[in-house]
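Work through the two exercises below with the sequence and the model in view. Each task is followed by its solution in steps.

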Amino acid sequence: MNNAAKMAVRFGFVALAGLALVACQSKSYNSAPSGGGKSASLRAMEQVAIAAHKCWIASKDPAFKSYQMANELNNFGGTPRFLLVPAKHYGGKPLLVVQAQGASSRVEVFGPLMSEPLSGRIGSDIARWQTGNSDCGAKA
């Protein structure tokens, strides 16, 4: 990984840590929008992205060791999301996309990993995190 990619990854983790502090201030991510001007989709994705990073990446979960997260929560398209990409090819094709759109707090999950055995685990983790439960659950 070149230095620019390493810095981008570090910046993403610093931004994710900042989002963790913001996410700790609110427990309800499926209710009407509250202060701060954040959309329901951004609030929902902050919750899910923080838990995914904690449970899949930072914990060094063996089921996710071949992947790294690309955080795109504050993109200009209005679709906060994160991607799982190959660990050794940060700029590679996303293998998993987790996103929410506009005023919706509904989180969508798609990509090649959703046709792999890991898809059941991914789906149950995302569903749990979307409700506000940030537990990591059972390991695959």
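**Exercise 1: the disulfide**

Cys136 has a relative accessibility of 21% and therefore counts as partly exposed; buried means under 20% relative accessible area, exposed over 50%, and partly exposed in between (1.4 Å probe, protein chains only). This is a predicted model with residues numbered from 1 along each chain as its sequence is written. Local features need pLDDT of at least 70, side-chain atom pairs count only at pLDDT 80 or more, totals for chains, interfaces and linings use all residues, and side-chain values use heavy atoms, without hydrogens and water.

Task: find which residue Cys136 is joined to by a disulfide, and describe the link.

Step 1. A disulfide is a pair of cysteine sulfur atoms within 2.5 Å. Cys136 is joined to Cys55, with an S to S distance of 2.0 Å.

Step 2. The angle about the S-S bond is -80 degrees, and the link is left-handed.

Step 3. Cys55 is buried, at 0% relative accessible area.

**Exercise 2: the aromatic pairs**

Task: classify the pair of Trp56 and Phe64.

Step 1. Rings of Phe, Tyr and Trp (its six-membered ring) pair if their centres lie within 6.5 Å; planes under 30 degrees apart are stacked, over 60 edge-to-face, and the rest tilted.

Step 2. The structure holds three aromatic pairs. In that of Trp56 and Phe64, the centres are 4.4 Å apart and the planes 10 degrees, a stacked pair.
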